[in-house]
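Morning, everyone. Please bring up the sequence and the model on your screens. I'll walk you through it.

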Amino acid sequence: MSEHAEQKSQERVFLHDISNPLSIAMGMLEIVISEAKSNPAFDAALLARMEKSLAAMERAVNMLKARRKILKDEVLVTGT
């Protein structure tokens, strides 16, 4: 395997290793937000912060997906 191909492989592993815990955190936060929304006594400002955090996580996931697509497209074009 060439050095370039090895670097791409390592990057794919790295992206995967970041994506998994991020997805778990998002899922847990979605559950908490759902519970908070069903509780009228829950602090609205805190709920808004949680929703903002979830949106930031979604942006990070989208960036990871975009980078994975770039790597995949490079493999299709160059074969490495």
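This is a predicted model: local features need pLDDT of at least 70, side-chain atom pairs count only at pLDDT 80 or more; totals for chains, interfaces and linings use all residues.

Is it buried, partly exposed or exposed? Its relative accessibility is 39%, so alanine 66 counts as partly exposed.

Now step back to the whole chain. How many helices and strands does its secondary structure come to? Two helices and zero strands. The radius of gyration is 18 Å, while the globule rule gives 12 Å for 80 residues. The 18 Å is well over that, so the chain is more spread out than a compact globule. The box tells you about the outline. Along the principal axes, the C-alpha atoms fill roughly 60 × 15 × 15 Å.

What share of the 80 residues counts as buried? That share is 19%. And the contacts? Take those between residues at least 6 apart in sequence. Of these, 72% join residues at least 24 apart.

Next, the two helices together. H1 covers residues 3-37, and H2 covers residues 44-78. In general, two packed helices are described by the angle between their axes and the distance between the axes. Here the axes come within 9 Å. They cross at roughly 155°. Angles over 145 degrees count as roughly antiparallel, so H1 is roughly antiparallel to H2. The crossing of H1 past H2 is left-handed.

What kinds of residues make up the contact of H1 with H2? There are 18 nonpolar ones, four polar ones and 10 charged ones.

One more residue, this time on the other helix. Find isoleucine 33, in helix H1. Why does isoleucine 33 count as buried? Because its relative accessible area is 6%, and the cut-off for buried is under 20%.

Which residues does isoleucine 33 touch, leaving out those up to four places away in sequence? They are Leu47, Met50, Glu51 and Leu54. Each of those numbers falls within the H2 range, residues 44-78.

Finally, compare a partner further along. Leucine 64 is 31 residues from isoleucine 33 along the chain. Their C-alpha atoms are separated by 24 Å.

That's my tour. Over to you.

Methods. Residues are numbered from 1 along each chain as its sequence is written. Side-chain values use heavy atoms; hydrogens and water are left out. Axes are lines fitted to C-alpha atoms, for helices over the stretch in contact, and angles run from 0 to 180 degrees between N-to-C directions. Helices (H or I, at least four residues) and strands (E, at least two) are DSSP runs, numbered from the N terminus. Angles under 35 degrees count as roughly parallel, over 145 as roughly antiparallel, 65 to 115 as roughly perpendicular and the rest as oblique. A crossing is left-handed if the near helix is turned anticlockwise from the far one by less than a right angle, and right-handed if clockwise. Ala, Val, Leu, Ile, Met, Phe, Trp, Tyr, Cys and Pro count as nonpolar, Asp, Glu, Lys and Arg as charged, and the others, Gly among them, as polar. Buried means under 20% relative accessible area, exposed over 50%, partly exposed in between (1.4 Å probe, protein chains only). The radius of gyration is taken over C-alpha atoms; the globule rule is 2.2 Å times the number of residues to the power 0.38. Contact means heavy atoms within 4.5 Å.
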